[in-house]
Amino acid sequence: GFYPWSLQLLWAKRVFKGKSFTIQAPTGVGKTTFGEIMAAFLEGPNYLIFPTKLLVEQAYERLKKIVPNKNTIAYLGKSSEKSKIEKGDG
């Protein structure tokens, strides 16, 4: 129910132009939420990289709730997860 911030609009433009980029911004500007929403609605593999396992787990759970039918893998250090990512099964 909120309008996106100007930074989020800038990130969206980059995504829709097909550019690969990283997001570095202060806490609380919506980086994680933006990444989850883009991953939920874009075709093909999406890689979201977080600095802690806790953020990986939180983003993974939220993404599964947003789009339950999308094949999603969270890499938490298990060799089975790594194998799926390497094969492109995620």
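Reader: Which element gives the most to the lining of the second largest pocket?

Author: This is a predicted model, in which local features need pLDDT of at least 70, side-chain atom pairs count only at pLDDT 80 or more, and totals for chains, interfaces and linings use all residues. Residues are numbered from 1 along each chain as its sequence is written, and side-chain values use heavy atoms, with hydrogens and water left out. A pocket is an open set of points on a 1 Å grid over the protein atoms alone, where a 1.4 Å probe fits, with protein on both sides within 12 Å along at least five of seven lines; lining residues have an atom within 4 Å of a point. Helices are DSSP runs (H or I, at least four residues) numbered from the N terminus, and with five residues the most is given by α3.

Reader: How much space lies in the second largest pocket?

Author: Its lining comprises 26 residues, with N46, Y47, L48, I73 and A74 nearest the centre. A volume is the space filled by probe spheres set on the points, which are joined across faces, edges and corners. For the second largest pocket the value is about 590 Å³.

Reader: Which element gives the most to the lining of the largest pocket?

Author: The largest pocket holds about 980 Å³ of space. Of its 30 lining residues, F21, I23, Y47, L48 and I49 are the closest to its centre. Two or more residues come from each of α2 (31-41) and α3 (53-66); the most, eight residues, come from α2.

Reader: At what angle do α1 and α2 pack?

Author: Contact means heavy atoms within 4.5 Å; by this criterion Q8, W11, A12, V15 and F16 in α1 meet K31, F34 and M38 in α2. Axes are lines fitted to C-alpha atoms, for helices over the stretch in contact, and angles run from 0 to 180 degrees between N-to-C directions. The axes of α1 (residues 6-16) and α2 lie 11 Å apart, at an angle of about 30°. That angle makes the two helices, α1 and α2, roughly parallel (angles under 35 degrees count as such).

Reader: What is the orientation of α2 and α3 to each other?

Author: In this pair, T32, T33, E36, I37, A39 and A40 in α2 meet Q58, A59, R62, L63 and I66 in α3. The axes of α2 and α3 are 10 Å apart, at an angle of about 45°. Angles under 35 degrees count as roughly parallel, over 145 as roughly antiparallel, 65 to 115 as roughly perpendicular and the rest as oblique. The orientation of α2 and α3 is therefore oblique.
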